[in-house]
Amino acid sequence: MDYTVKIISSNFNDIYDDLVYYCRIAEIESQSSIMKRNMKGFSWENYPESLLYKIFKTDTYKNGNGLLILIYKNNKIISTSTCELYNKDIVILLKRLYILNKFRGKNRYNFTVYLPNQLKWAKEKNAKVCIWTVNTYNEGMIKLTKRIKNHKGVLLGKSVILEYNDFIDNIVFHNDPIFFNNQMQMIVSYNLDSNFKFTLEMLK
């Protein structure tokens, strides 16, 4: 493994400089205006939707309400993802997920780092269901999510697909987009409690 992982739920000030540097690179290289706002590294104090604002200006990830995962290579952050409690029953996974451009491709952090740790955290919080969102404009990610659901996510690698068979078999791709977090989103859900009946109305 040529990278290291930091999982943080407190003492965020310890990684302030690292995170600001990373977010500035992410903002510069992002093509999407939405992603630029989400990953704001310059003047982030004016962007409540940005990762830095949520961590350092709100209680979103404090008091056990969320988890920040950082992937480092050569002592620099190259990727991030967070998860957070939406309410006592629902955890949102894979938020503020970003990988610096030069490290994309065959990296499989979603399945090998982020999902295992975020699902573990959600279970520790006694959540009933996990969800993640896909922006409706992101057709590539929508197609990839559907391919993974159909066990066709070739880029993930056969070993990764086999390891997460149960997870993949039981995710639900909700075809009707909803207005969530100020934009149109597709919702993917995964029940931690098989008796829990999740509906999109719970997010409205």
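1. Let's start with the second largest pocket, which has a volume of about 160 Å³. A word on terms: a pocket is worked out on a 1 Å grid over the protein atoms alone, as an open set of points where a 1.4 Å probe fits, with protein on both sides within 12 Å along at least five of seven lines. Grid points are joined across faces, edges and corners, and the volume is the space filled by probe spheres set on those points.

2. Before going on, some ground rules. This is a predicted model, in which local features need pLDDT of at least 70 and side-chain atom pairs count only at pLDDT 80 or more, while totals for chains, interfaces and linings use all residues. Residues are numbered from 1 along each chain as its sequence is written, and side-chain values use heavy atoms, with hydrogens and water left out.

3. Back to that pocket: what lines it? The residues are Tyr21, Tyr22, Ile25, Glu29, Lys73, Asn74, Lys76, Ile77, Ile78, Leu100, Lys102 and Phe103 (lining residues have an atom within 4 Å of a point). H1 and S3 are the elements that give two or more residues to this lining, and H1 gives the most, with four. By type, the lining splits into seven nonpolar, one polar and four charged residues. Here Ala, Val, Leu, Ile, Met, Phe, Trp, Tyr, Cys and Pro count as nonpolar, Asp, Glu, Lys and Arg as charged, and the others, Gly among them, as polar.

4. Now the overall layout. The chain has seven helices and seven strands, in the order β-α-α-α-β-β-β-α-β-α-α-α-β-β from the N terminus on. Helices (H or I, at least four residues) and strands (E, at least two) are DSSP runs, numbered from the N terminus. Of the 204 residues in the chain, 47% are buried; buried means under 20% relative accessible area, exposed over 50%, and partly exposed in between (1.4 Å probe, protein chains only). Take the contacts (heavy atoms within 4.5 Å) between residues at least 6 apart in sequence: 57% of them join residues at least 24 apart.

5. On to the inside. The largest nonpolar core has 51 residues, and Leu19 and Leu93 have the most contacts within it. Such a core is a set of buried Ala, Val, Leu, Ile, Met, Phe, Trp, Tyr and Cys residues joined through side-chain atoms within 4.5 Å. Leaving out residues up to four places away in sequence, Leu93 touches Thr82, Cys83, Leu115, Gln118, Leu119, Cys130, Ile131 and Trp132. Another core lies apart from the largest one; it has eleven residues, including Val129, Ile178, Phe196 and Phe198.

6. Strand S2 (residues 66-73) deserves a look. Seven of its eight residues are buried, so S2 is largely enclosed by the rest of the structure. S1 and S2 run antiparallel and are joined by five bridges, with Val5 opposite Ile71 in S2. (Two strands pair if DSSP finds at least two bridges between them.) S2 also pairs with S3 (residues 76-85), in the antiparallel sense over eight bridges, and there Tyr72 stands opposite Ile77.

7. S2 and S3 form a hairpin with two residues between them, and Asn74 in the turn has a positive phi of about 55 degrees. Asn74 also turns up in the pocket lining from point 3.

8. Phe180 has Gln183 as its bridge partner in S7. The hairpin of S6 and S7 has two residues between the strands, and Asn181 takes a positive phi near 55 degrees there. Lys204 sits in the segment after S7 and counts as exposed, at 62% relative accessibility.

9. Two loop residues for your list. Asn11, in the loop between strand S1 (4-8) and helix H1 (16-29), has a positive phi near 55 degrees without being a glycine; Asn11 is exposed, with a relative accessible area of 57%. Ser43, in the loop between helix H2 (33-38) and helix H3 (51-57), has a positive phi of about 55 degrees and is not a glycine either. Ser43 is partly exposed, at 44% relative accessible area.

10. Setting aside neighbours within four places in sequence, Asn38 is in contact with Glu49, Ser50, Leu51 and Arg96.
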